[in-house]
Number of protein chains: 2
Amino acid sequence: MDKPVLALVGATGAVGTTMINIMDSRESVPWGEIRLIASARSAGKVLKVRGEDVTVLELKPEVFDGVDIAMFDVPDEVSAEWAPVAAARGAVAVDNSGAFRMDPDVPLVVPEVNADKVTDRPKGIIANPNCTTLSMMAAMGALHREFGLEALVVSSYQAASGAGQPGVDQLYAEIEALAGKQVGSVSGDVAGVLKEAGVPVGADSPFPAPLALNVVPWAGSLKDDGWSSEELKVRNESRKILGIPELKVSATCVRVPVVTTHALAIHATFSGEVSVEAARKVLSAQPTIVVKDDPAAGEWPTPADAVGGDPTVVGRIRQSLDFPNTLELFVCGDNLRKGAALNTYEVAETVAAAG
Amino acid sequence: MDKPVLALVGATGAVGTTMINIMDSRESVPWGEIRLIASARSAGKVLKVRGEDVTVLELKPEVFDGVDIAMFDVPDEVSAEWAPVAAARGAVAVDNSGAFRMDPDVPLVVPEVNADKVTDRPKGIIANPNCTTLSMMAAMGALHREFGLEALVVSSYQAASGAGQPGVDQLYAEIEALAGKQVGSVSGDVAGVLKEAGVPVGADSPFPAPLALNVVPWAGSLKDDGWSSEELKVRNESRKILGIPELKVSATCVRVPVVTTHALAIHATFSGEVSVEAARKVLSAQPTIVVKDDPAAGEWPTPADAVGGDPTVVGRIRQSLDFPNTLELFVCGDNLRKGAALNTYEVAETVAAAG
């Protein structure tokens, strides 16, 4: 049998670049041809993939001819239009946008949790979860299988790169403008220093408030009753991925001045009895999880530990003192890798392996 | 009747300086003499208090003679030794250390919540809560009176100045070393850049890991079963202040690269029915709370909004979608003011008013 043809739509973006890095770092890949696709603006560029020059093609219906699996990392509206085109031409579209995640005819897949769902794809489309949800899914899936998850209270510490390269550039620019200024202690004039330095603030920035020397309890768009879109994604996508439609979830999503890697403080309640020891055993047995949890030795997860790596780092595992069957955890996952490019790629691999 | 004599022990520290600033900014103060006290090293310094030069006295038993109220902001062991000395000489000691907070014979007071407790002081000592707990007490006290608080799940976003001036200096030094370096995205080499710039990291720093471009899920010392001292303070002090010995509390305390102002994401469950509208009404009626909660207009609390001010800023008020009688809130309070100096001073004022 011929090796499957893989297409990567959005090849020149931040996540697309990470996807290429991931393929470069693999010992072997199951693909025959690897086709790179982007907007007309980027078409014609030549990128190296596993040591070979590949010319970026313009996004057009016919570029999907002969493609078996097409990974998409493009804005929602581009995916909404083009993933069905790829599917109609015979490809399985693995989409990292928000366009299809809650579509009942589109599986939402994290291979460690629900790899079996990749073959159940009536539209020929498989969705990749939001990066904040993804950061905790491998851990929550493993704990759910063992203890039966019933409820989650989650607070996020989300990185600037969740808002793409403009978010990263903004944070670096803010840090540079604030260096040596010693503001933020007696007065809150971080915004004043940024304005003086010509760094955009508020409406002109990817973030609705200064992010350096600050935290901003907002990510995404406003939904009903004061909830942000990001917070509702954590709730609805967790329910769908874990296959627990009645899962209780409350999330508060907060942007912090970290470049890459989302962290989550999780209060997780189960139907069965839990212990720190049992949880640590379950988590340590997962191939994509690293347990870093020895406060006496100064060991716990921080974004700086997780960035650039594939595994989710889990620590600060504690049994709640007052809530039955409840664990507290702190989880860090690289939002560009497991939170986006890596999971999408792993879904594509899972599809290929399923034949 | 003569005006009471106030002493300030630890007058030259960060919190002591903030206490003097607070007195300077008041229209009037109820004090006769204001006596400044510090260690031998700082004794003899002359500080301005409400426009007058005051010479700092060395901490000795006799400096408390004639003092009615003595505010202490010194390390635990200094308070443990000297607050009883002040009390024995007839002063009421209002102590901001951790030495007496959980002593059953010492009231732990937040005037908005339990001002009546100031007269119930068998040891002549009144304790001021930990800054993280304090940041949410005015809001939680008001909501408890209305709805009956039963459970709290709290994640903190704690500022560097919670670790004192060395914490502030460390964060500024890290920001300066990282400016223009563009690390933290592909690799996590924040620590490497700091080391190269000669900025202390880990054991040599006030923080156990780099704080700039990072978050560190650790504050305080290690207690039983993986809990940090800071997390247990939030639980035990909240129970004592609110007068709810059975209050369920789980806290995860995380240090973030903010100079001053602690933020808390709070999931609060009540015995009675709650609504966002009712909660907003209750909170808006509090003189020391500012409600900033209009996401459509980009309005929510951030540390940069709260720093340097007296009020606690509360927003992101949502009714939990899946947990009955439960509200989600995001609260910001200046940890040096309401979290330390301001509350201590307000307790001293309350003692003076009680006669």
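Which side chains are joined by a polar contact of 3.4 Å? The section on Ser79(B) takes this up.

## About the model

This is a predicted model, in which local features need pLDDT of at least 70 and side-chain atom pairs count only at pLDDT 80 or more, while totals for chains, interfaces and linings use all residues. Residues are numbered from 1 along each chain as its sequence is written, chains are lettered from A and ligands numbered from 1 in the order in which they are written, and side-chain values use heavy atoms, with hydrogens and water left out.

## Ser79 of chain B

Ser79(B) lies in helix H2, residues 76–88 of chain B, where a helix is a DSSP run of H or I with at least four residues, numbered from the N terminus. Because its relative accessibility is 0%, Ser79(B) counts as buried, a word that means under 20% relative accessible area with a 1.4 Å probe and protein chains only.

The polar contact of 3.4 Å is between the side chains of Ser79(B) and Ser97(B); such a contact is a pair of N or O atoms within 3.5 Å, and within protein one must be able to donate a hydrogen and the other to accept it, with residues adjacent in sequence counting only if both atoms are side-chain atoms. Leaving aside residues up to four places away in sequence, Ser79(B) also touches others, including Phe72(B), Val74(B) and Phe100(B), contact being heavy atoms within 4.5 Å.

## Helix H5 of chain B

Among the buried residues of H5(B) are Gly167(B), Leu171(B) and Ile175(B). The buried residues of this helix pack against helix H5 (164–178) of chain A and helix H6 (190–196) of chain B. After H5(B) comes Gly180(B), which has a positive phi near 80°.

How values were computed: Buried means under 20% relative accessible area, exposed over 50%, partly exposed in between (1.4 Å probe, protein chains only). Helices (H or I, at least four residues) and strands (E, at least two) are DSSP runs, numbered from the N terminus.
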